[in-house]
Amino acid sequence: METTSVLPLLILVSSLIPGTLILLLREEQVALRTFLNLSGAVAKVGLIAWVFVGYLRGQEYTFFFRLALDLTFSLRVDQLGLFFAALSAVLWLVTTLYAIGYLEGGKHRRRFFAFFSLCVTASTGIALSGNVLTFFIFYEFLTLSTYPLVVHRGTDKAVEAGRTYLWYTIGGGTVLFLGVVGLFVLAGPIYFGQTEIIADLISVYPTQLSILFFILLTGLAVKAAIFPLHGWLPVSMVAPAPVSALLHAVAVVKAGAFGIVRLVYDVYGIGVAEHMNYLNVLAVFAAFTIIYGSLRALFQDDFKKRLAYSTVSQLSYIALGVAIPGVLTSTGAIVHLVHQGIMKITMFFAAGNVAETYGYKNISQLNGIGRRMPFTMGAFTIAAFGMIGLPPVAGFISKWYLGLGAVETGSYWVVFVLLASSALNAAYFLPIVYRAWFYEPEYEVSRLRSSGRLETQALLLIPVVVTGLLSLAAGVFAAAGGSPLSIAREIAEKLYMP
Amino acid sequence: METYQIYSLTSAVLFVIGLGGVFISRHFIKKIIATIIMGGGVFLSFVSFAERDALTFADPVPHALVITGIVVAVASAAFALALARRIYQLTGEESFTKDK
Amino acid sequence: MSVLIDIILAILAIYLAFQSLLAKRLTQTVFIFFAFGLALALAWVRLGAIDVAITEAAIAAGFMGVLFLDALRDFSPRTSNNQEKTEAAKDIFSKKNTKSLLLPRVALVLGLVLFLLISLEAIWNIPDGGGLTVSVETMLPESGVEHPVTAVLLNFRAYDTWLEIGVILLGLLAIFATGGIKLYLKPDVPAQDILLRQVILFFTPILFLFGAFLLYIGKSGPGGAFQAGVLWAAIGILLHLGGKPVFSMIPRWLGQLLLTLGLGFFLLLGFILMAGGATLFEYPPAYAGVLILIVETLAAISIAAALTAIFANLNQMQEKPNDIESTT
Amino acid sequence: MTDLLTSPYPALLVGLPVLLATLSLFFRTRGKALVGLLGCLLTAGLAIVAFIEVAQHGTVIHILGGWEPPLGIMLRMDSLAAVFIGMTAVVGVFISLYAWQYFRADESGPGEFPLFWPLWLFLWAGLNGLFLSNDLFNLFVTIEVIGICAVALAVLSGKTTAMFAGLRYLLAAITGSMAYLFGVALIYGSTGTLDLGLLGQVLEPGTTTTFALLVITFGLMVKMAGFPFHFWLPPAHSAALAPVSALLSALVVKGAFYILLRLWMEVFGVSITYAAGQLIGLAGAIAVIWGSWQAFMQTSLKLIVAHSSVAQLGYLLMIFPLLILAPGVTADSADWLSPAWTAGIFQVIAHAFAKASFFLSAGLIIMALGHDRIESLRDLVGNMRITAMAIGLAGVSLIGLPPSGGFMAKWMLLKGIFLSGQWWWAPVVLAGSLLTAGYVFMLLRLAFAPAREMGTFKPVPKSLEIVALILALGSFLIVFPADYMIQFLESTGVFGSGIESIVEGGAYGND
């Protein structure tokens with residue numbers, strides 16, 4: 001049953017309107033701003049839950065709006081999109097709380113929260129896009145709305161990072177534009193899921209469509225930070241912690257990864273992509289990026305930089321999963337969209353907490369920090385174990401499925417890559433954990449921010465604990481219905497149904 | 001060779017002289033004069049075609065066009081002259097220098 | 001024989017055009033340009049375009065020549081100095097950059113020559129379009145005037161002519177826009193030069209009458225608003241030179257009225273006729289002659305006023321040479 | 001020809017602004033401004049009414065003096081003309097409102113420029129006349145009106161640089177119109193008519209026609225600052241007063257483009273070859289790259305914006321190669337014509353809105369800072385929020401990011417490029433976008449950077465900021481009526497037509 005519904009639009013509007021309104025407020029109107037922000041975030045989660053329930057009952061939500069001429073703006077709820085939208089919405093809510101605490105007393109908060117909301121709008125827009133054009137619109141919108149966040153601190157370093165960020169993303173956007181127009185010309189306005197269009201055309205225009213695939217892939221790979229287009233990600237870590245957390249764990253990088261998933265599964269279709277050997281190329285690049293990112297992470301002392309390179313590496317798990325056809329690998333890839341998000345955001349929150357409370361930005365300063373901030377570092381430890389792939393944390397599930405899938409399809413080299421990567425993950429995360437818990441604090445320092453009995457402010461602490469627990473829960477209850485894994489599995493199975 | 005052909009060929013020469021003059025001359029006044037010479041060439045070609053198409057009288061339409069054209073050209077030339085004099089008044093410059 | 005005259009005239013025009021651009025001194029340039037205008041006027045006569053010839057002689061050569069002559073007062077005193085300076089500068093310049101300057105110049109000249117050859121070819125092979133002589137001949141009786149050029153100017157293509165009157169006014173406005181001009185000078189002391197006063201006294205009525213004659217004759221022969229306007233403008237220019245700037249002697253509103261009369265009445269008449277169901281500038285044939293004469297007269301007045309004002313403004317430009325600091 | 005509806009609007013569209021301009025001359029400073037502003041509102045209102053008239057009845061004509069072409073002159077308002085007139089009205093009215101307030105601003109304002117009003121009204125009349133004109137010679141007169149007004153407005157600021165730039169502009173304009181007129185003379189000599197409609201029927205291919213096309217194209221390219229004749233544009237546009245810069249870049253250069261498009265598509269079809277289209281497209285492509293690069297290298301805001309105009313006009317030229325079909329292709333089978341036309345129209349309109357907004361914002365920044373060196377734009381976001389927003393939005397439209405009008409133009413252009421198989425233009429479009437992003441974000445980066453010194457920004461009237469913002473938003477909003485507009489354009493006029501190449505094209509002389 002397919003009916004037009006404004007619900008998908010409402011999901012976007014729930015953050016677009018607060019964002020726009022906040023931009024019009026005055027800096028001093030803190031209470032109103034916070035209210036707008038939080039009500040928007042809660043409303044978004046609520047709406048998505050509503051849509052989710054409806055979707056499970058077989059209701060389909062689509063929204064069409066003819067922008068002009070042949071440009072159609074389309075929102076459509078499908079499982080994959082909803083999955084990503086839910087991730088964005090939940091983490092947005094959490095991060096908003098975190099950011100309110102983190103930026104307390106900072107400058108230009110109006111601007112920050114406004115663009116923060118706009119950025120989430122873009123991210124959910126990407127998730128709910130019904131066709132390639134809409135996806136592209138939100139993809140560019142995401143670039144624009146994240147730029148002010150990256151340069152938020154306004155320091156020369158931040159501005160410089162912003163410049164790098166823009167060159168990469170605008171360049172990627174331009175390449176994507178080329179691909180989108182090309183696809184439009186050859187195949188018309190492709191709606192996600194209409195893989196039969198390309199399947200029919202591939203025999204007519206094999207060369208053109210292949211070139212277009214790689215053009216589109218390149219455009220997406222920039223945001224997904226696949227080697228050699230990952231350069232912007234470590235640099236833009238100068239942004240405030242909530243920005244790094246949300247944007248670089250969810251919004252921007254996931255937009256790229258999600259785009260690749262869409263491109264392969266819902267535009268070209270796995271059949272075509274496999275048949276034309278596109279996937280092998282993707283697999284090679286993804287595998288290389290996994291190793292490369294891990295190796296680079298190993299040598300970073302800056303806490304956030306290490307996390308950033310870890311992100312580079314982890315993101316390519318998704319691409320790798322997409323590149324190996326099979327139900328299990330697809331499940332692994334899709335579930336990793338969520339798992340990586342919640343684990344990485346936990347780590348960024350933790351890093352932010354440490355930096356905000358004690359001013360420590362480097363790993364070498366973290367001796368014994370676990371004793372002073374047990375909850376924060378506890379959450380971090382859970383996430384780190386997840387990243388390494390230790391059961392029962394979420395990350396284990398992803399890797400397990402990826403590995404199983406690889407074995408199933410006979411791609412043993414992938415298993416090797418996974419193992420190597422896990423070893424490297426351990427090599428760069430375990431020292432932090434070890435240092436935090438087992439080293440003696442070298443000297444006493446006073447807290448920058450004290451808030452009584454808690455190890456840091458409540459608004460900073462709660463989010464990290466919540467996401468830490470979530471990453472644990474996602475692993476422990478993976479088998480339960482409604483868990484990320486079960487949904488991912490369902491999506492993957494549908495993909496391979498004849 | 002008929003009369004109109006002499007003049008129509010002349011018109012092309014005048015046009016080219018004017019065109020070259022606009023680019024090559026340095027002094028403002030010369031540049032302005034060059035544009036008028038260009039115009040003279042154009043008008044000459046109009047009128048020469050009018051003579052070719054003469055019946056009981058020469059084709060009056062080009063004549064009218066040329067009168068209009070001359071007046072328009074003079075108005076713009078006068079404006080250009082005013083600008084040139086103003087520039088001279090302000091800066092003492094009589095031609096475009098490299099950086100201006 | 002007549003071909004010979006034409007060829008000589010053509011060569012003369014080309015020669016003068018060349019010379020005016022190549023002349024070393026600015027004064028020469030201006031005088032040769034003046035001669036060039038007269039040569040062109042002769043060419044118009046040879047081509048049977050008496051109206052154009054009068055216009056060319058009066059406006060392009062005459063009025064423009066006067067403007068240039070007037071401008072010489074600005075530029076010439078320093079020309080010798082300046083020219084030396086620029087020559088000297090050019091020498092240094094050329095020694096340094098001969099090669100870099102030479103190449104584009106040569107390219108430009110070659111390009112122009114090529115352009116000329118193509119244009120000669122194009123003109124030589126021009127198909128005979130036949131012009132509009134026949135249509136004008138058929139429609140002439142309905143136009144209200146007997147002279148075909150006037151018919152085209154003020155009836156068949158009245159719209160162009162109306163815009164053109166606008167362009168003259170616009171030229172004046174544009175000159176105001178360059179700034180540095182006080183619109184209304186105080187009347188000067190009358191010129192001391194007895195001879196000049198006599199000349200002015202003598203010429204004013206003659207010019208006026210001759211202009212009126214040209215205006216009236218425009219109905220049936222060469223002449224018309226533009227030619228008359230220039231002659232009347234000559235009165236204004238002479239008066240200005242004689243120390244009686246016209247626009248300072250009449251009230252402000254009158255000056256404005258004189259300037260805008262031609263354009264405004266032309267248009268208002270058009271609008272009034274439009275209100276009666278006609279299109280713009282569509283004259284009822286019965287009244288066309290009279291209406292055209294009125295329009296022409298008013299247009300001539302406005303043209304005269306505008307040209308006078310243009311001259312007056314340009315003329316007083318050099319009178320405040322030392323406000324360089326104040327306006328920048 | 002006579003079956004088209006005769007309407008008084010075309011005549012009024014030219015006559016009314018002239019009448020009002022003449023009227024305003026009788027008033028002194030403040031009165032001039034008031035009459036001028038009222039005149040602008042009236043003219044805009046009239047333009048909208050005329051637009052509706054065309055929307056209802058299709059092409060309307062006005063045979064001036066009752067003399068039918070070829071003897072007389074006919075004004076023709078088809079949908080293409082209506083769109084241009086409508087655009088002029090909408091953009092013009094906002095610039096007028098801005099100018100009114102801008103010249104009245106007491107403290108930091110540039111002062112009062114009463115002459116602005118009559119000149120702008122004359123300019124408006126000239127533009128309307130140009131869009132309506134259906135006669136080669138009348139087009140010459142209108143471009144002269146436009147040229148003189150434009151230069152007079154450009155030098156109005158009284159700055160020495162403006163004078164130099166203005167004289168250069170004027171000389172280029174005169175040269176351009178003389179070249180154009182030379183072509184007209186040849187066309188008249190070889191056909192005996194000046195009416196565009198008739199010329200389209202009777203013009204025969206040949207050396208003369210080709211040469212006339214060459215000089216006319218040359219003349220118009222100079223006028224529209226097409227590469228390599230763009231040299232006059234940046235200094236002239238950047239040295240003028242803010243509302244004037246906006247007028248010049250948003251509207252004036254479009255006039256020459258309009259004639260070029262009309263003449264190529266309606267009149268000279270017989271002697272235009274595929275190669276000619278490629279050549280003009282190449283000029284456009286170089287302009288896109290060169291102009292954007294130059295803009296990127298500038299250090300003052302207005303110069304950036306002015307150079308960007310050169311690039312944006314280049315995109316307009318790039319539609320020509322798509323409209324001229326390769327030998328053997330028929331117009332019916334060429335499905336890229338409509339996208340290419342759409343791209344052209346949207347580029348014109350989006351650029352008009354975005355560039356007007358950009359220049360008006362630059363004017364505000366000069367008002368606030370006293371100069372426009374870009375390093376002083378630091379913390380613009382904190383001090384002039386609305387202006388920064390306007391610059392951001394206008395910039396986004398110039399880059400061509402969705403969902404702006406500029407995006408629509410680029411989308412359609414790329415689509416046309418792919419459909420026509422002339423893929424070699426695609427990299428230019430993308431490189432242009434990237435370079436544009438380069439300079440737009442250079443500005444935004446500074447705007448977000450914290451100020452080095454406090455309190456350098458003087459307050460500016462908020463109403464002015466809002467006008468700039470509205471124009472910037474306009475460059476987005478124009479996407480929504482696109483359907484209607486394209487349908488409207490397709491109903492009458494040349495929109496969507498293409499030139500079928502003759503197999504044996506002219507051997508030489510194709511610009």
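Domain bounds here come from an automatic or database domain assignment. For chain A, that assignment gives domain 1 (1-275) and domain 2 (277-498). You're looking at a predicted model, in which local features need pLDDT of at least 70 and side-chain atom pairs count only at pLDDT 80 or more, while totals for chains, interfaces and linings use all residues. Residues are numbered from 1 along each chain as its sequence is written, and chains are lettered from A and ligands numbered from 1 in the order in which they are written.

Let's stay with chain A. The centres of its domain 1 and domain 2, taken over C-alpha atoms, are 22 Å apart. Where they touch, 42 residues of domain 1 of chain A meet 44 residues of domain 2 of chain A; two residues are in contact if their C-beta atoms, placed from the backbone, lie within 7 Å. On the domain 1 side, helix 10 (241-268) of chain A is among the elements that supply two or more residues, and helix 10 of chain A gives the most, with 16 residues. Helices (H or I, at least four residues) and strands (E, at least two) are DSSP runs, numbered from the N terminus. By class, that side of domain 1 of chain A has 34 nonpolar, six polar and two charged residues. Here Ala, Val, Leu, Ile, Met, Phe, Trp, Tyr, Cys and Pro count as nonpolar, Asp, Glu, Lys and Arg as charged, and the others, Gly among them, as polar.

Now for how the chains meet. Of the four pairs of chains in contact, chains B and C share the most contacts. Chain A has no contact with chain B, and their closest C-alpha atoms lie 32 Å apart. No contact joins chain A to chain C either, with 37 Å between their closest C-alpha atoms.

Zoom in on chains B and C. The axes of helix 1 (residues 3-24) of chain B and helix 1 (residues 2-22) of chain C come within 10 Å and cross at roughly 5 degrees. That makes the two helices roughly parallel, a label for angles under 35 degrees. Among the residues making this contact are B:I6 and B:L14 of chain B, and C:I7 and C:F18 of chain C. The contact has 13 nonpolar, three polar and one charged residues.

Chain C also touches chain D: 49 residues of chain D are in contact with 48 residues of chain C. Helix 5 (136-154) of chain D is one of the elements supplying at least two residues of the chain D side, and helix 5 of chain D gives the most, with nine residues. That side has 28 nonpolar, 18 polar and three charged residues.

Finally, find helix 20 (residues 482-491) of chain D, where D:A482, D:M485, D:I486, D:F488 and D:L489 are buried. They lie on the same side of helix 20 of chain D because they cover an arc of only 160 degrees around the axis; the arc is that of the directions from the helix axis to the C-beta atoms. On the other side, D:Y484 and D:Q487 are exposed. A residue is buried if 20 or more other C-beta atoms lie within 10 Å of its own, exposed if 12 or fewer, and partly exposed in between. What covers the buried residues includes strand 2 (60-68) of chain A and helix 14 (337-369) of chain D. After helix 20 of chain D comes D:G493, whose phi is positive, near 85 degrees.

Terms used. Axes are lines fitted to C-alpha atoms, for helices over the stretch in contact, and angles run from 0 to 180 degrees between N-to-C directions. Angles under 35 degrees count as roughly parallel, over 145 as roughly antiparallel, 65 to 115 as roughly perpendicular and the rest as oblique.
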